[in-house]
Amino acid sequence: MLQRTLWCAFAGFGALCHAIQVPLALNVDPPPGASSIGEAAEQARSSSVEDPHYAADSLSAEDQHDPLADWQLDSPPSVNSTAHLVFETVSSLLQHWPNTRMRNGHNIVPGTVPTGTLLYHGTWHSELPAGPDWTALDPEHSVLFCESITDDGGCWHLTLMTTRPLNVVYFDGTSSAKLLSGTLDSQDIVALGDVRPDWSIDELDRLTALCNWGRENNVDGFVRMEMSFEIMLCNFTSGVRVVSFSNIVDPVMPRSTSSKFSPTFEVIYAGSWHNRYPGETRIQLDLSGLVSFYDMELVPSLVPARFGKERWDHRLLNISTEDVVRVRARLVEILSRPASRPTGIDWPTLIRVVVDRYSERLELVRYLLDFTGTDRHDSDNVIDYAIKTQVQLRHMLMPYILVDVIPRSINAETKQGGSDVLDWARLVYKLCATTHTGMFKDDAMTSSEKLLLNAVRGTTREICRVVTKMWGSGVLAGVDQFMGTDGEPDVETIQNLVKTWREDIDELMAWLDWNVWVKCRPACGPEEMCYLTTWPVGFPLPSNRTWIPRPDPAPMPTTTTPVPWRGKLAYGKPEKDWQRPQPRCIRRVDPYDLGVRSVASNFETAYLYSAASGHTH
């Protein structure tokens, strides 16, 4: 402490080193005159309708005059808080990995496809689609649907280039998966005004309904994801031009051929290029127009529907009619307003800054605590790893530990309970939690931006609460190198500390549930890639509908050959983790291993599903 004070004085930074916590602007009153459905929700949120951490009217008169009364280290978020869910789903937009893991999307976001972007479409005939149809962003994806049913073989592959920015709407999650479990819920709400699981494979009808809605709202197409990303394009003659329309060599080997070539794997591999941040960069999203079904003000009916359920099981099935009307009205309002960035805040970058700052350090803290638990009877080992953990906690809080932050006593209160033991650390907690967003004023923000602001605030608040609590406990236990290291640490105290730390870090990381922590351990080899079970490979075939191929928009040619699923189908038992996928390594070269018994050189279930719904790319 003395050394630091002397350095501050010598460097001329004395005032900064002794800086006090300046009260920061939180929320302001909403703008007057809000009248529409979207504006009503915006007005409701502009004063932070429900703080997930505390209720102001529960504070005593004395506490309301305490500038740190709202910063209690023993006050976790409400069980109904969705700040962390908004934060993580927005952090994962257009990234293949997290949207493969959590398939049921909860966000609808407007965006654009830049001029000069290539789109691909595979089919069995040489005519442009006369109406809405599918395009892929990677040719590995579209060639799977470049399917010939004529005797002369070959397949037709269309390459398009955008001639202007295309207006698109993005549905997150694995939103192209034809499943009954919730992957299509958000599309059904937009297209049909209700969640319709019975429409799970009615792709042409869904596409037609979406494009009819989009035509009224200046939308050119809709972005979805399965093995890779796709754009459901409403008009193949508006905003795009043909680069080539070629009869290429059929990428699917004949059924009798034993091949070391797997087109299906290559689609999955192409999708993996967009696994992590920044994801699919050919779609540019406008987060000032985000609509989230985790928005408790916009969609209150889903709060009880989610209660007690794991995130895997969240879906939109029990949304109320009133909330559907409100969501659709909000979307129309967003799409009809002039393109602008009201605040200029780069929300994806801000969210990424938070993830980068804490993700690896929290992961390291958990590793150190897990390692400590391998030999709990070795007192030197326990103390050594407790000190290493404390160092990491201090690193995370370093910018927020002022020189005047000093515990009332060291070691004396460590074994005692009580919520006021760490009161001296609340200033660190507040500064940590408010630095990124404390100066933002939400009076100029859209309702979407206010939701994002509350998501970042709620997430950083809980991170800082837990980390400050852990660090402060370490100081009191005598394992901090800057405070309270004069005496020998008590082994029993340290063992109890480590146990509490482990519970704290596990609860925090489970609450955050960041996908950056989901990875293959150990890392995959050079002939492998890390993989999550990806629809449709390794999924059960639905049993509620008869699989009858629907006609393509173009006339079917006369042929004695039935519409084929060329090559061999993926068959056998579905993957054990198809409902809750877990990372594993699969081979990138022959022999391929996608967890099904027949995988190389075929369309697998991709073509089966698409043919049943008239789906081509």
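For cavities I worked on a 1 Å grid over the protein atoms alone: a cavity is a set of points where a 1.4 Å probe fits but cannot get out, and lining residues have an atom within 4 Å of a point. Grid points are joined across faces, edges and corners, and a volume is the space filled by probe spheres set on the points.

The model is predicted, with local features needing pLDDT of at least 70 and side-chain atom pairs counting only at pLDDT 80 or more, while totals for chains, interfaces and linings use all residues. Residues are numbered from 1 along each chain as its sequence is written, and side-chain values use heavy atoms, with hydrogens and water left out.

Cavities. I found seven cavities of 30 Å³ or more. The largest cavity has a volume of about 120 Å³. Thr89, Met102, Asn104, Gly105 and Arg311 are the closest to its centre among 15 lining residues.

Core. I took a nonpolar core as a set of buried Ala, Val, Leu, Ile, Met, Phe, Trp, Tyr and Cys residues joined through side-chain atoms within 4.5 Å. Buried means under 20% relative accessible area, exposed over 50%, and partly exposed in between (1.4 Å probe, protein chains only). The largest core has 86 residues, and Tyr358, Leu362, Trp471 and Trp514 have the most contacts inside it. Helix α16 (residues 447–477) gives the largest share, 14 residues.

Backbone. Which peptide bonds are cis? Tyr277 to Pro278 is cis, with omega about 10°, and Arg521 to Pro522 is cis, with omega near -5°. Pro278 sits in the loop between α10 (263–272) and β9 (284–285). I also noted two positive phi values in residues other than glycine: Asn218, near 60°, and Asp513, near 50°. Asn218 is exposed, at 53% relative accessible area, whereas Asp513 is buried, at 18%.

Methods: Helix = DSSP H or I, 4+ residues; strand = E, 2+ residues; numbered from the N terminus. 1 Å grid on protein atoms, 1.4 Å probe; cavity = no way out; pocket = protein on both sides within 12 Å on 5 of 7 lines; lining within 4 Å.
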